[in-house]
Amino acid sequence: MNRSKALSKFQLDPDHPIITIIGGSQGSLFINSMVSESLDYLAGKLNIQFIWQTGPTHFDDLQHFESKYSSISLHPFIDHMDSAYAAADLVISRAGAIALSEIAYCGKPSLLIPFHGAAADHQTKNARSLEKAGAAIVLSENKLTKERFIHEVEQLLSDREKLVEMENAARSVSTPDAANTIVDNILELVYQ
Amino acid sequence: MQNKSIKLIIAGGGTGGHLFPAFAIADTLKKRISDSAIHFVGSKFGIEADKFKSREESFTLLNIRGFGRGLSITSLIRNILFPLRFMGSYIKTRRLLRTFSPDIVIGTGGYASGLPILGAIHKGIPTLIHEQNSFPGFTTRWLASRVYRVCISYHDTERYLKKKISFSREIQSARNYR
């Protein structure tokens, strides 16, 4: 999926930056609130566009933003994540293992806000592995203020060089052949 | 030999993080052995209750969900119902294992993945768990020492498991990267 095709799918403007927001398949109340509170500045002043997976439970409460800003494409769940990633200049996400695999596979810079309530705080451990590779910036939800969030987003999107570095780093940690490895293991067990 | 069709059950779901690896494994296996028979197992309370319908594979939804946390009435009722749901789902799982007769059962995590794996262990059917997260989920911690193999995404996970495991690295989601 190329970027321009993805952009037309979401009816977004190629001349302004795009952020894809993923709070997991169920959505993240924390990320949704943080983004909602920052929209006046990010969408209103900086003209940033959003592809936003809200989660089915929060969708109705957030739907009014779509009529307020034409630059927001709001979805309870996105089936074609390939387009949502292809369109993005930056991804803001929780840090579930599969979301991180997808981000790495698609080579996208990311701002990760791990869910601290996850067992043994494993999302933070997942997220740190991408951060260590230089592919992501990790923000802790306990300390995160709206001002810091806006600052990080603005800073990242204005630094094209850094974004490219992060894209390359993300690609370098991707393991696109993992499903085949698992199938190899399955066949070995069945035929042994 | 390795092109002979196989029958497998893939159990997992609850969230996309446990469900999409199940689809990725199914799609990859079908690419390699097109006439393989695949049956999905999930929970009727998970995201898969809806997502299975868009797939061509047959599926079973179990009436099972995790423990309710906290002291609300809903949590209390859910926890009182848990043993009943567990037993009912286990009987359904055993019946499925008997009728479908899989060569192997795969678990990708989430509360619906535990019972098919447990049933397969009891029947001596080969089993494999795919653990996506750095810290293993409940099913993996519960059953890792009794399954044939565990595939993990992070080296770190090995610290939490007693069993010797394969290292699979990160699996890609099945969401059509074309």
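**View 1. Helix H3 of chain B and the position of B:Leu84.** In this predicted model, B:Leu84 is found in helix H3 of chain B, which spans residues 73-100. The residue B:Leu84 is exposed, because its relative accessible area is 62% and the cut-off for that class is over 50%.

**View 2. A nonpolar patch on the surface that includes B:Leu84.** B:Leu84 belongs to a nonpolar surface patch whose other members are B:Ile73, B:Ile77 and B:Leu81. Together, the four side chains named for this patch, B:Ile73, B:Ile77, B:Leu81 and B:Leu84, have about 400 Å² of accessible area.

**View 3. The interface of chain B and chain A.** The size of an interface is often given as the accessible area lost when the parts come together. Between them, chain B and chain A bury about 3,900 Å², with 60% of that area on carbon and sulfur atoms. To this contact chain B brings 49 residues, and chain A brings 44 residues.

**View 4. Polar contacts and salt bridges across the interface, with the elements of chain B that take part.** Three salt bridges are found across the interface of chain B and chain A, and one salt bridge joins the side chains of B:Lys51 and A:Asp79, with an N to O distance of 3.1 Å. Counting pairs in which both residues have pLDDT 80 or more, 12 residue pairs are in polar contact between chain B and chain A. On the side of chain B that touches chain A, at least two residues each are supplied by helix H1 (16-32) and by strands E4 (104-107), E5 (127-131), E6 (149-152) and E7 (166-167) of chain B. Helix H1 of chain B gives the largest share of that side, nine residues.

Technical notes:
Residues numbered from 1 in each chain as written. Chains lettered and ligands numbered in written order. Predicted model: local features only at pLDDT ≥ 70, side-chain atom pairs only at ≥ 80, totals over all residues. Heavy atoms only, no water. Patch = residues over 30% accessible without salt bridge, like charges linked within 9 Å, V, L, I, M, F, W, Y side chains within 5 Å. Areas by Shrake-Rupley, 256 points an atom, 1.4 Å probe, with all protein chains shown as cover. Helix = DSSP H or I, 4+ residues; strand = E, 2+ residues; numbered from the N terminus. Buried < 20%, exposed > 50% of the residue type's maximum accessible area, 1.4 Å probe, protein only. Contact = heavy atoms within 4.5 Å. Buried area = accessible area lost by both parts, 1.4 Å probe. Polar contact = N/O pair within 3.5 Å; in protein donor to acceptor, adjacent residues only side chain to side chain.
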